[in-house]
Amino acid sequence: MTQLIKARSGEITKNMRIVAEQEGVSPEYIREMVALGQIVILGNKTRKNVKPCGVGKGLSTKVNANIGNSPDCGGFEDELIKLRTAEKAGAHAFMELSSGANIDQFRRQALAATELPVGTVTIYQAGVESIEKYGSVVEMDVEYMFELIERHAADGVDFMAVHAALNMDVIERLKRQGRVTDIVSRGGSFLTGWMLHNNKENPYYEQFDRILEIAKKYDVVLSIGDAIRPGCIADSMDRAQMQGLILVGELVQRALEAGVQVMVEGPGHVPSDQIPATVLLQKQLCHKVPYYMLGNLVTDIAPGYDHITAAIGAHIAAAAGADFICYVTPAEHLRLPNAEDVHEGVIATRLACHAADIVKKVPGAWEWDLKMAKARKALDWKQQIALAIDPDRAAKVRSERNDKDSEACSMCGGHCAMKIVSQYLGTAVNNC
Amino acid sequence: MTQVKQARLGNVTPEMSEVAKQEGVDEAVILQGVAQGTIVIPANVKRPHKNVGIGKGLTTKVSASIGTARGSTAYEAELEKLACAIQTGAHTIMDLSIGGDLDFTRREIISRCNSPIGTLPIYQTFTEITDKSNALDMTEEDFFKVMEKQAQDGVDFMGLHCAMTLKTLEVAKKQGRLHDVVSWGGSLLAGWMLYHGKENPLYTNYDRILDIAQRYDITVSLADGLRPGCIFDSLDRAQVQEMIFLGELVDRAREAEVQIQIKGPGHAPLSHLKTTVKLMKQVCKEAPYFIFGPVVSDIAPGYDHITAAIGAAISASFGVDFICYVTPAEHVGFPSLEDVRTGVITSLLAAHIGDLEKGHKKAWDWELAMDKARNPWDEATQKQIALDPTKLGASSNMEGSYQCTKCGAKCAKKVLAEYFGKPISYC
């Protein structure tokens, strides 16, 4: 039984209560939204150590961090450091995206190492192992592709990206469209290569019911997308993307009918004026299920700064209704991120989401800002640092180029507006 | 030679010059817009008339639909509506007759109209076949005979449901809509397709359509057979699926150097308008968008000229180029002459509001002229420039005068006028 089926039957589960408490909303609200499919609760029912996490309407916008090795680098130690860094920076979930050696082992270690929900993309493993074994991704074995989904689910993976919304029709549309960057999703490119080489329909699409069965058995949240997502802002909102989204919507409908929790993955690269339209279209075409977006990156010219281009897009997307944001690090489009990149990526994404939560009227978001404003007015540095989204960073910067006992900061020194006005108006100044 | 072909060769046609002059823009702007397909000038080579440009950078245009009802032969009433619509300011006319002698009616309308005229050839095709037997007996040849005949008569733009494919119907079925297919021509055509298990002949024979369009320089006005019929169905998978096909057909028309615009909804909640327009402009690569309202609420029969004007004004501000009017008779009955007049006025108003947001100088100049004519009060000028001059002077209490004696020397208006150094305005 999934959370969705239980919610429909009127049951308020333990996980629903936990999420309600975290979010400061009523358990009945969570139940109602889970029943409608507008909230999902990440938490594989066979995984013992997971802290369930709610994603969707009326909840705070969640941040996902990616870890995982690549064929070129990384042992688990490196990834564990990143995982701890992301946890400390406040990520709500991980995706374990290893595509190098020992993928099974990496995944199991990651699942054991954290209490946060973990997501995977099984096609990566299928593709990588096919290359190792047969020399090419086009040799992927269909039965093995499904076996991997079951294996990941049995290991306790909480959400899974499945590239089911890709079929020959979408590829044909893509061809007629004439894109700049064709397909940039790694899973999407594996599958497209396989489909065209074998002249066969996408097995995930054709046998979607098998995926639904596994998801239902373990209560894995399916994350459907985004094989055909645009790879640059010039390709955004084109016919191929729309054809993919229509297919996603039909699969969402089937998942909901089957009682499987489902969300939708989205782009990627979107010029800022198209972000609200992209979000609205996803919500309209996909029965208002949660939207899990990557970025969005609102420009393509800033490698090294894509945590910023993505934070701008993430803010607009979340404010327009996106529920879950996959972080982007400064290493995006350049290399595999290191721990410092992970930290920057999580913080940038969190602040973008928080700024959106303020306008989404998520409980607690506005109050957090108000506390900070009051601490600033009071020149209460201890509080300001404690309230900061990254207290270590705030404390470190504060300690530089400031007299230790100064009430103000060295931006204005003795000309601190807060201080002067407080003295003038006779409002208290809190020495720190 | 089509306007597109001429434009791509770099030739400024008389039609382009005429449009450039009307719009107060450079001929090069029109030339480039027509060449790229962001502007159309519906002008059948068989029939010279006053030309109208529709598209990017131009003022928003309004089309009025007239035509006999099913079973009616009263074409004279439609000729009166034609005269009324043109006099009120409609930029184009659509003849949607489905009653009486359709060839005769159309030719009467064409002979009395110096503006671009549009039709939906499938209307005549289905009307004539249902007069004889049954819509399901329609053949492809029936359709093409009508299309060619209407082209010969000088029709400038034609509504064609080419993008309503079997796939879009399948997507609509899976979607589960409240209103499946609400377009009249679209629903008959869809019934024909499903009955015969055949693909839409207007889709499979699209090249033949383009060929006719090319010979007469007919502007293809692709109709949205799957347009939502209520605000609940707006922006669903069926609508977006059809839009994908529309976009592909735009590409093919442009390759064939045929002028093309896209028809849009219909019914849409306010929050969907921006996305609807943006999506269409993306998917159809900036082709002119010809939108039917949209009405932004479904609960106001008798007032749908207003629900549509709200939708049209906002859509136009987001880039819609051409508005099909909606009259107070929409969803209620057959429009009267007064309904036509009201429909045209309200749509012109919506188009103008859109033009203000689009930043058209002409639109702002018009506003400024009216605002100046209100202070100091200048009723003659107001009457001259008002959207509907008949509304002015009807009520005597609007007359401004500063011979008012009510407040005597303690006139607040007078104090104010002295303070700003301007003549006193009405009280």
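This is a predicted model: local features need pLDDT of at least 70, side-chain atom pairs count only at pLDDT 80 or more; totals for chains, interfaces and linings use all residues.

Tutor: In it, the C-alpha centres of domain 1 of chain B and domain 2 of chain B lie 41 Å apart.

Student: Which residues of chain B belong to which domain?
Tutor: The domain assignment puts 3-359 in domain 1 and 363-420 in domain 2.

Student: How many residues are in contact between domain 1 and domain 2 of chain B?
Tutor: Six residues of domain 1 touch five residues of domain 2. The domain 1 side of that contact has four nonpolar residues, one polar and one charged.

Student: What helices and strands does chain B have, by count?
Tutor: Chain B has 18 helices and ten strands. Its radius of gyration is 23 Å, close to the 22 Å that the globule rule gives for 427 residues, so chain B is as compact as a globular protein of that length.

Student: What share of chain B counts as buried?
Tutor: Of its 427 residues, 50%.

Student: Switching to chain A. Which strands make up the closed barrel?
Tutor: The eight strands run β3-β4-β5-β6-β7-β8-β9-β10, with parallel pairing. Neighbouring strands of this sheet are turned by 25 degrees against each other on average, direction ignored.

Student: How many bridges join β6 to β7 in chain A?
Tutor: Four, between residues 159-162 and residues 221-224. Val162(A) has Ile224(A) as its bridge partner in β7(A).

Student: And which strands does helix α12 of chain A lie across?
Tutor: Helix α12, residues 239-257, lies across β7 and β8 of chain A, at about 165 degrees to β8(A).

Methods: Residues are numbered from 1 along each chain as its sequence is written. Chains are lettered from A and ligands numbered from 1 in the order in which they are written. Helices (H or I, at least four residues) and strands (E, at least two) are DSSP runs, numbered from the N terminus. The radius of gyration is taken over C-alpha atoms; the globule rule is 2.2 Å times the number of residues to the power 0.38. A residue is buried if 20 or more other C-beta atoms lie within 10 Å of its own, exposed if 12 or fewer, and partly exposed in between; C-beta atoms are placed from the backbone. Domain bounds come from an automatic or database domain assignment. Two residues are in contact if their C-beta atoms, placed from the backbone, lie within 7 Å. Ala, Val, Leu, Ile, Met, Phe, Trp, Tyr, Cys and Pro count as nonpolar, Asp, Glu, Lys and Arg as charged, and the others, Gly among them, as polar. Two strands pair if DSSP finds at least two bridges between them. Axes are lines fitted to C-alpha atoms, for helices over the stretch in contact, and angles run from 0 to 180 degrees between N-to-C directions.
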